[in-house]
There are 2 protein chains.
Amino acid sequence: MNLIILEPGETSASGEVCLSDGRAAHLLNVLKVAPGSQVRVGILDGPRGVGAVESIVDATVAMRCAFEPHAPSRPRVDLLLALPRPKVMRRLWAQIAALGVGQIILTNAERVERSYFDTHVLTPGCYRPLLIEGLQQARDTWLPGVSIHRQFKVLVEDELDRLFTDGLRLVASTIAASPTGATIRPGIDQRVLIAVGPEGGWNDFEMALLAAHGFEAINMGPRTLRTDTACIALLALAHDATTPRQSSHT
Amino acid sequence: MNLIILEPGETSASGEVCLSDGRAAHLLNVLKVAPGSQVRVGILDGPRGVGAVESIVDATVAMRCAFEPHAPSRPRVDLLLALPRPKVMRRLWAQIAALGVGQIILTNAERVERSYFDTHVLTPGCYRPLLIEGLQQARDTWLPGVSIHRQFKVLVEDELDRLFTDGLRLVASTIAASPTGATIRPGIDQRVLIAVGPEGGWNDFEMALLAAHGFEAINMGPRTLRTDTACIALLALAHDATTPRQSSHT
């Protein structure tokens with residue numbers, strides 16, 4: 001836990017907060033804080049700051065927090081993901097949040113089993129703590145939005161323009177010509193939406209529908225990756241490609 | 001399983017092979033082959049090819065294989081990894097092999113717990129099948145070399161020049177200036193070695209020793225990632241950066 005995340009409203013107007021849950025246990029047992037210790041804190045969807053430990057009584061940690069004036073900016077990358085099997089999805093939540101996405105759009109596809117949509121891994125009670133775990137790892141406070149779509153065609157044709165208004169739409173493919181880093185060239189502040197297909201890939205209809213709705217193919221190379229590996233790899237490439245270059249490389 | 005991997009010597013001189021283990025079960029139950037079916041096959045550390053199913057008797061599949069003249073080339077990327085905890089390492093083997101590395105150099109570091117080295121996850125009996133699983137996923141046949149080093153200083157000072165003779169040495173860092181894709185610019189055919197530190201990072205001595213032995217810092221951005229996420233992200237970036245550009249991008 002590289003950042004202790006607080007819920008909005010959990011601190012008083014003057015920045016005081018008392019913790020007695022898992023975060024307090026982490027402060028006491030892992031970070032081994034004492035009165036006077038300072039730790040990194042952040043408000044969910046809000047600014048980061050520093051919490052100074054004021055007292056520890058019966059495993060309850062009282063802190064006074066001071067926050068930066070601005071919240072971190074929303075990650076520029078969004079993810080459209082054909083729902084993988086529950087065990088894989090459970091592992092992915094925290095990793096996706098750690099890599100940083102503005103929103104996660106989960107969709108059906110021909111090669112997604114229908115039963116995957118009935119799992120508790122898709123309930124906020126399951127995925128919200130996992131997303132927050134990822135944020136605490138990566139020192140971010142931006143909780144990714146999550147939407148779940150059981151009809152791929154309806155999503156792409158009717159809902160996607162509202163979810164992803166403007167920006168670069170990309171879909172991983174083995175037929176594109178150039179490496180991903182050379183293909184992703186968004187404008188300044190332009191958002192990027194990355195579509196990752198199911199195990200076995202999108203079918204021809206799905207690829208054609210994505211292409212008809214502005215998705216460009218990017219090449220992940222000749223290796224077929226598992227959904228979770230591909231997801232992490234593509235998010236890393238998208239983030240790297242959208243990071244401003246500080247040298248003379250172009 | 002996108003490629004059925006055969007051990008060297010498992011086929012006859014004329015390319016015949018009989019399978020009755022998990023690969024046969026996969027052929028029968030997942031790929032649902034029948035006599036006449038063709039499947040992708042590959043010899044470990046050797047060429048890929050096509051296997052034609054000749055007969056199926058009592059869950060034993062007999063195939064005749066024809067192989068390409070050359071084996072796939074060795075992946076240009078090598079990985080130096082501070083040993084993560086066993087549960088994480090177990091999950092990583094297949095993913096690393098799927099992304100493709102020439103070799104995996106596992107090392108100790110101050111922030112690696114000594115007990116991690118005593119786990120069966122580091123025995124070939126455990127990791128070899130997992131590496132092959134990754135190769136079968138990615139349709140590769142190159143089995144990564146594995147070496148395990150309990151002394152970081154001895155590894156970097158005395159052993160690394162033999163393991164990694166010539167090429168670009170990189171270490172992930174939060175202080176480097178440019179994005180990874182803009183930093184990794186190996187020469188044609190030059191190999192790339194990526195060093196990934198433990199949870200909590202390399203200590204100052206370790207970073208200094210790496211720098212003194214030719215490792216350049218690459219920037220993964222301000223987000224602190226879990227070892228497994230960082231590992232996959234960096235291998236993806238290294239592979240992408242070493243893929244020849246087919247467009248006019250530079």
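Helices (H or I, at least four residues) and strands (E, at least two) are DSSP runs, numbered from the N terminus.

This is a predicted model, where local features need pLDDT of at least 70, side-chain atom pairs count only at pLDDT 80 or more, and totals for chains, interfaces and linings use all residues. Residues are numbered from 1 along each chain as its sequence is written, chains are lettered from A and ligands numbered from 1 in the order in which they are written, and side-chain values use heavy atoms, with hydrogens and water left out.

**Helix α6, chain B.** I checked residues 204-212 and found B:E206, B:L209 and B:L210 buried. Down the axis of α6(B), the buried residues fall within an arc of 100°, taken from the directions from the helix axis to the C-beta atoms. They therefore line one face of the helix. The face turned away from that buried side carries exposed B:D204 and B:A212. I looked for the cover over the buried residues: it includes α4 (152-163), β9 (167-173) and β11 (215-219) of chain B.

**Helix ends.** B:N203 caps the N-terminal end of α6(B), with a side-chain oxygen 3.1 Å from the backbone nitrogen of B:F205. B:G214 follows α6(B) and has a positive phi, near 90°.

**B:D78.** I located B:D78 in strand β6 (residues 77-82) of chain B. B:D78 is buried, at a relative accessible area of 1%. Its side chain reaches the backbone nitrogen of B:Q103 at 3.1 Å. I then listed contacts (heavy atoms within 4.5 Å). Leaving aside neighbours within four places in sequence, B:D78 touches residues including B:G102, B:F164 and B:R191.

Key: Buried < 20%, exposed > 50% of the residue type's maximum accessible area, 1.4 Å probe, protein only. Polar contact = N/O pair within 3.5 Å; in protein donor to acceptor, adjacent residues only side chain to side chain.
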